[in-house]
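Please look over the sequence and the structure shown here before reading on. The report then takes up a metal site and several charged pairs, one after another.

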Amino acid sequence: MLVQRAYKTELDVNDQQVTACRQHAGAARWAYNWGRQVKQERYKATRKSPTAIALHRELNALKKTAVPWMYDVSKCAPQEALWNLDAAFQQFFRRCALKKQGKWKGKLGYPQFKTKKKGLGSFRLTGRIVVLDKTIMLPRLGRLRLKEREYLPTSDEVQILSATVSEQAGHWYVSLQVEEEHLVPENSGPVVGIDLGVKSLATLSDGTVIPNPRHLKRRLKKLKRLQRMVSRRQKGGKNRKKAVRTLAKLHRQIKHQRSNTLHQVTTRLAKTKSVLVIEDLNVSGMLKNHHLAQAIGDVGFYEFKRQLLYKASWYGAKVILADRWEPSSKRCSGCGWIDEDLTLSDRTFHGEQCGLVLDRDLNAAINLEKLAGSSSDSVNACGAASAGARRKPRVKLAAKKQEPNAEYGLSILG
Ligand SMILES: [Zn+2]
């Protein structure tokens, strides 16, 4: 099976390379903001929005006059930024349509201007990209040292689609989007129901409890203190800048730890179980509930589901998404009786008909496991074929290239 995935690793860049990277990120940011402005103005005047291709043509003309400095960077940086802009608008319109149907409750997310205050950002390069033992060769930037050896794939069988260079808290990373052949192993693991929780990350129907990585909780105090410190410092001052940097560092740590935990858990589950049943939670609705928001934001339900889906397709497992209206928490796993009065604070399930007394989450997990046998209309099975569904190829300016299904998307963990 051909799969698209990303490998992200840290770069070891010297001052000269940092300058070049900043220039590229700056060009990408400039093109994005310029494109957003033009799109908005044109739409107001003509009710039509120019495409990324049209914008790129205009930008090329501008290079000769207004922005000659853009000749110093790879043409990919602004070009890819314009593609990102197109995607951002498409996502916005998709959410608008969903909202009209009443299927979206979250923010619509109109594309915003990119600002340096939120970090230097990133840029994507395509073209000749070569991975060597300790270095990576990128168009225009040349040979960049890698902090970690032998992580990026060097095999000929791996096709490199693009490389995204990004900055976070003073560190530079490269994320390589590749397409590679993946052998799906025979999976003879058991069927398991997974109840994603607030108290613990997940409870499995076999009784296993995966504890919650409360990274954010543990560090919340420190985070709050740092945030206060930033706001107390004088705007534009040296000390404020320093405090902002410390805060960004803490955010980076939290992000990495959270990402690590999720990856470990989802990999283990996909490798050892053949069928995984999870509830298709309505996260945007749940986030409205204030008490839940912290815990859910911490665990990343959406990210959990996303990882489980693509990893299941890698390891020959099947994910079944139970309809979000399936009363898995309220139903007695012994006899099917439904407790209409069950609230979130009830941690133990008491089956009044058959006398079953069980941990609330375990009861829910067992109900989910049972759904694997009864394939009703309310259940969507996602087998190996569809779970790792790759996005449609995107026709680009010059040649046809494919948009990578990035493991570390641009703002997945943000
Ligand atoms: Zn019962």
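## Basis of the model

This is a predicted model, in which local features need pLDDT of at least 70 and side-chain atom pairs count only at pLDDT 80 or more, while totals for chains, interfaces and linings use all residues. Residues are numbered from 1 along each chain as its sequence is written, and side-chain values use heavy atoms, with hydrogens and water left out.

## The zinc site

The zinc ion is coordinated through the SG atoms of Cys332, Cys335 and Cys354, at 2.1 to 2.3 Å. Donors here are N, O and S atoms within 2.8 Å of the metal (3.2 Å for Na, K and Ca), and because water is not among the atoms, sites may look incomplete. Along the sequence, the donor residues of the zinc ion follow the spacing C-x2-C-x18-C.

Cys332 is buried, with a relative accessible area of 2%, whereas Cys335 is partly exposed, with a relative accessible area of 40%. Buried means under 20% relative accessible area, exposed means over 50%, and partly exposed lies in between (1.4 Å probe, protein chains only).

## Salt bridges

Side chains of opposite charge can pair when their charged atoms come close. A search of the whole structure finds nine salt bridges, a salt bridge being a side-chain nitrogen of Lys or Arg within 4 Å of a carboxyl oxygen of Asp or Glu.

One of them joins the side chains of Asp12 and Arg145, at 3.5 Å from N to O. Asp12 lies in strand E1 (residues 2-12) and Arg145 in strand E5 (residues 142-146), so this pair ties together parts that are 133 residues apart in sequence. Helices (H or I, at least four residues) and strands (E, at least two) are DSSP runs, numbered from the N terminus. Asp12 is partly exposed at 30% relative accessibility, while Arg145 is exposed, at 51% relative accessible area.

## Two further pairs

The side chains of Asp86 and Lys39 also meet in a salt bridge, at 3.0 Å from N to O. Because Asp86 lies in helix H3 (residues 76-100) and Lys39 in helix H1 (residues 15-46), the pair ties together parts that are 47 residues apart in sequence. Both Asp86 and Lys39 are buried.

Arg149 forms a salt bridge with Asp133, their closest N and O atoms being 2.9 Å apart. This pair links distant parts of the chain, with Arg149 in the loop between E5 and strand E6 (159-168) and Asp133 in the loop between strand E3 (130-131) and strand E4 (135-138), 16 residues apart. Arg149 is partly exposed, with a relative accessible area of 45%, and Asp133 is partly exposed, with a relative accessible area of 39%.
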